[in-house]
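Here is a short briefing on one structure. The points below are grouped by topic.

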Amino acid sequence: MKKLLTFLLCLTLCLFVFVGCGSSDKNSDNDTPESTAETVDPLGDSVRTEAPTESEPPKVNTIDPEKYAPDLSKYAAYKKFDAPTGDLREIVYNHMYTMSQVKWVAGKTWTTHKENGSTGLQLKYIEGKTYYGVPYAQTKCALYTFEDFIIDGTFTPNSDIYEEIIGNHCSASMGLAYQQIIDLPYYGGLKENNHRQGLISLAEGLTLPPPDEEGNLSYDSKAVFDLNGVDKIYDAYATLGRGDILYKMVAPSGHTRMVSKVEVAKTAAGKIIPTRSFVYCIEQTSAWADNKQESTWFIDRKYSFEKLASTLFTPFTLDIFHEETPVVYDAYILVTDRNDETSLKKMLKGTIETTFPINYVRATITDSEGNIVKEVLKYDLQNNYKITLRDMTYTLSADKLPAGKYNFSLKAAIARGGWEIENFDFTIE
């Protein structure tokens, strides 16, 4: 009996020591200061720590390469925009940065506001003040398009309404940057969806939300977080590189940011520390970048993984960034007919066609003093590859102008650049 009591006492002491060692081992990472960081669960109980196994639908890019090699013999004239060469991520980022740096002076004082009169957007510009970057607007205008409206360094807006003023916004600016390397019409945003198969995907390691009963894919940010869990989102942030996408979609609004670089901090055990890991971004916004109030572009703004996750920013990437032998196509603007003074007065001929999305078409008539007296502007386009010129005739009404000497100009642009298709003088007797 005495021996049994002694054995039980020893066993109890051993168990006590074992539990104490286990506790110490569990917290052994506390030797490093990084381990004091906590992983924050921004969505509470709605986030699963592990995503269920789902079979992903195949990502198929259905674009026909023949589209980018048009039969030039069928056209009266064309302009070719050579495919850019070099690091694709740098090409995309550099174009985004260039849009943020274009310098101009306000030709008048105005406040950009929304058409519905809401006070959520109020950007006041001061006549004579210098500004930087394409203005914030809904109209999806490329760099060349905006620069066409800068006269002797001065930009005077066609409107003070967000839905009309020449400019672009968060996702449009990024889409235009991506159009430097891929044919990406502005349709469906910058998330992966049914229209983006083979072009944009969720970042590495994330599982696709299943399609609905009609086969449509949902990429609402919360749905992605719910399915994958915040730890996998952190891991996905760590895979991002320059030019990748942070997309927040929480109906009815959202925001997008382009990644500049990523800094990842980990514990000694290799776990990501979300409060000390950062994504640097460039983004077009609806707010002034600083107290100077001279740009709406944030350059290399720094966000922690924790902050991004708590605000539901989902990571996406361009598929072409991950291809072993990516192909970037030349782009074309083509016209089926040439016009002259006679057709301008009677009926403009032909169409403008492109192999990458049309950004704008602008026809102007100026008088002998250089003043625009007639204009047709087709912009705020999202999925257009063809514009017919015929209907412009009635708006221009060149045959009804007062007697005098005039100049006609016809321009078109894609994201890579523009082309003045026609430029000729004519006379009204």
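In this predicted model, helix α5 (residues 221-228) and helix α6 (residues 230-239) have axes that come within 6 Å and cross at roughly 110 degrees. An angle of 65 to 115 degrees counts as roughly perpendicular, so α5 is roughly perpendicular to α6.

**Helix contact**
- On the α5 side, the contact is made by Val224, Phe225 and Asn228.
- On the α6 side, Val230, Lys232, Ile233 and Tyr237 take part.
- The contact residues of α5 with α6 divide into 5 nonpolar, 1 polar and 1 charged.

**Sheet**
- An open sheet is formed by 4 strands in the order β5-β2-β7-β6, with mixed pairing.
- β5 (130-132) and β6 (150-151) are the edge strands, and each pairs on one side only.
- Strands β2 (residues 103-106) and β7 (residues 154-155) run parallel and are joined by 2 bridges.
- Val105 has Thr154 in β7 as its bridge partner.

**Cavities**
- The whole structure holds 2 cavities of 30 Å³ or more.
- The largest cavity has a volume of about 90 Å³.
- It is lined by 13 residues, of which Leu176, Gln179, Tyr186, Asn359 and Leu381 are the closest to its centre.
- The lining of the largest cavity divides into 6 nonpolar, 6 polar and 1 charged residues.
- The second largest cavity has a volume of about 30 Å³.
- Residues lining the second largest cavity include Ser171, Gln179, Tyr186 and Arg196.
- The lining of the second largest cavity divides into 4 nonpolar, 4 polar and 1 charged residues.
- Gln179 and Tyr186 line the largest cavity and also the second largest cavity.

Conventions: Residues are numbered from 1 along each chain as its sequence is written. This is a predicted model: local features need pLDDT of at least 70, side-chain atom pairs count only at pLDDT 80 or more; totals for chains, interfaces and linings use all residues. Side-chain values use heavy atoms; hydrogens and water are left out. Two strands pair if DSSP finds at least two bridges between them. Axes are lines fitted to C-alpha atoms, for helices over the stretch in contact, and angles run from 0 to 180 degrees between N-to-C directions. Angles under 35 degrees count as roughly parallel, over 145 as roughly antiparallel, 65 to 115 as roughly perpendicular and the rest as oblique. Contact means heavy atoms within 4.5 Å. Ala, Val, Leu, Ile, Met, Phe, Trp, Tyr, Cys and Pro count as nonpolar, Asp, Glu, Lys and Arg as charged, and the others, Gly among them, as polar. On a 1 Å grid over the protein atoms alone, a cavity is a set of points where a 1.4 Å probe fits but cannot get out, and a pocket is an open set with protein on both sides within 12 Å along at least five of seven lines; lining residues have an atom within 4 Å of a point. Grid points are joined across faces, edges and corners, and a volume is the space filled by probe spheres set on the points.
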